[in-house]
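Trainee: Could you take me through the strands of this model and the confidence behind them?

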Amino acid sequence: MKKHLILILTLSQSLWSQNNNITISVKPEKVYYEKDQSNQYLNFDFLIENKSSSNIILNTVEIAVYDQNNKLARRDLVNLYSRESLELSGAKPIESGKGKLFFNPFPIFTNVIPLNKIHYEFSFNSEDWKENYFVSLDVFPELYKTKTNLIPPVKGRVLVWNGHDSNSHHRRFDYTDPLFVKRGTTINFQRFGYDFVVVNEEGIMYKGKPKTNIEWYDDIADDNNDYYGFGVPIYAAGDGIVIDVRDEVADNRQVSEEEIAKNEKAYGGNYVIIDHQNGEFSWFGHLKQGSITVKKGQTVKQGEVIGAMGASGGSLFPHLHYELRNGDGAKRVEGLPSYFNNYSRVLGNKKTSMTNGLINSGDIIESK
Ligand SMILES: [Zn+2]
């Protein structure tokens with residue numbers, strides 16, 4: 001039986017009401033949202049740091065959304081009863097002296113909601129339920145307009161195996177895990193990533209006979225060559241200058257801590273990074289060993305072949321990790337939203353031609 005908890009929330013008018021015992025920071029600091037025909041998508045999370053002497057439990061999160069005139073447009077909440085896990089990374093509770101990621105439980109709003117300001121109220125209790133803590137903060141999200149003219153970097157029929165929606169593994173990257181803390185990772189550099197795979201008409205990426213019914217996990221010890229995508233050309237998504245290239249890594253779906261210690265980008269195996277010279281950088285990861293056709297310092301045009309799809313680095317199977325980011329490296333960069341031109345969405349029998357479109361996990365696209 002859960003103990004009953006009576007909450008007395010004091011609604012704070014302040015911009016940032018923190019508590020000496022608990023601090024909450026918005027990650028990343030700059031909050032962007034994306035938009036399609038129906039919805040607005042927020043992509044940020046909270047880092048909760050427990051500076052109190054006891055272990056704490058997050059029990060309720062309440063939001064209030066305000067328009068430009070500071071008028072209320074929506075209220076909502078989740079609590080222990082409606083969502084037991086409250087989307088914390090790892091297990092509850094949050095130990096004294098530790099930090100933990102809390103995944104934003106309100107990531108989607110329909111287009112009718114004016115997303116000017118979102119006010120958050122967090123309430124916590126100590127593990128023994130003797131203490132209550134309240135923290136409130138405001139977030140002012142900004143609609144991101146991609147500056148670079150981008151096209152999908154893989155042609156043919158492509159499945160966005162994993163994008164950056166709230167449930168995607170890119171989004172759920174827990175950099176508070178001791179492994180990543182040891183590597184010095186303090187932000188989610190893959191927040192807006194895509195894993196593109198080439199698929200057939202049925203959406204299957206593997207043409208051999210999988211050893212299990214699951215085609216994409218590395219424990220099935222399958223052959224890279226059995227994937228439709230292995231070795232297909234990868235194209236520059238936009239114009240720019242190549243600022244980094246790595247080409248010698250085997251397509252063995254592995255990365256070691258030693259490699260990462262030497263090069264923070266080694267997780268991507270073989271990669272090409274293009275600086276679009278407007279604060280946006282394109283990342284192409286897990287490329288095929290020896291396939292890269294561009295050199296550091298070279299100018300590239302949109303649609304130019306830069307390499308081939310592979311399975312190098314931390315890759316489960318042959319695919320392209322593509323992402324727009326705000327810099328080079330993997331420790332001090334953030335992902336950015338990216339909208340693409342000149343492709344079709346495959347919707348059953350129908351194909352819808354897209355310009356400036358948003359794609360995400362599970363979407364099937366085609367481009368020539
Ligand atoms: Zn990826």
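Mentor: Let us begin with terms: strands are DSSP runs (E, at least two residues, numbered from the N terminus, as are helices: H or I, at least four), and two strands pair if DSSP finds at least two bridges between them. This is a predicted model, in which local features need pLDDT of at least 70 and side-chain atom pairs count only at pLDDT 80 or more, while totals for chains, interfaces and linings use all residues. Residues are numbered from 1 along each chain as its sequence is written.

Trainee: Which residue in β4 does Lys 35 stand opposite?

Mentor: Strand β3 covers residues 32-35 and strand β4 covers residues 39-42, and the two pair in the antiparallel sense over three bridges. Within β4, the residue opposite Lys 35 is Gln 40.

Trainee: What are the edge strands of the open sheet of four strands?

Mentor: This sheet has mixed pairing and the order β9-β4-β3-β12. Strands that pair on one side only are its edges, namely β9 (108-110) and β12 (142-143).

Trainee: In β5, what is the bridge partner of Ile 22?

Mentor: The open sheet of three strands, with antiparallel pairing, is ordered β2-β5-β8. Its edge strands, each pairing on one side only, are β2 (22-27) and β8 (99-103). Six bridges join β2 to the antiparallel β5, residues 45-50, and there the partner of Ile 22 is Asn 50.

Trainee: Over which residues does pLDDT stay under 50?

Mentor: The pLDDT, which is the predictor's confidence in each residue from 0 to 100, averages 90 over the chain, and 91% of the residues score at least 70. The stretch where pLDDT stays under 50 is residues 1-16.

Conventions:
Contact = placed C-beta atoms within 7 Å.
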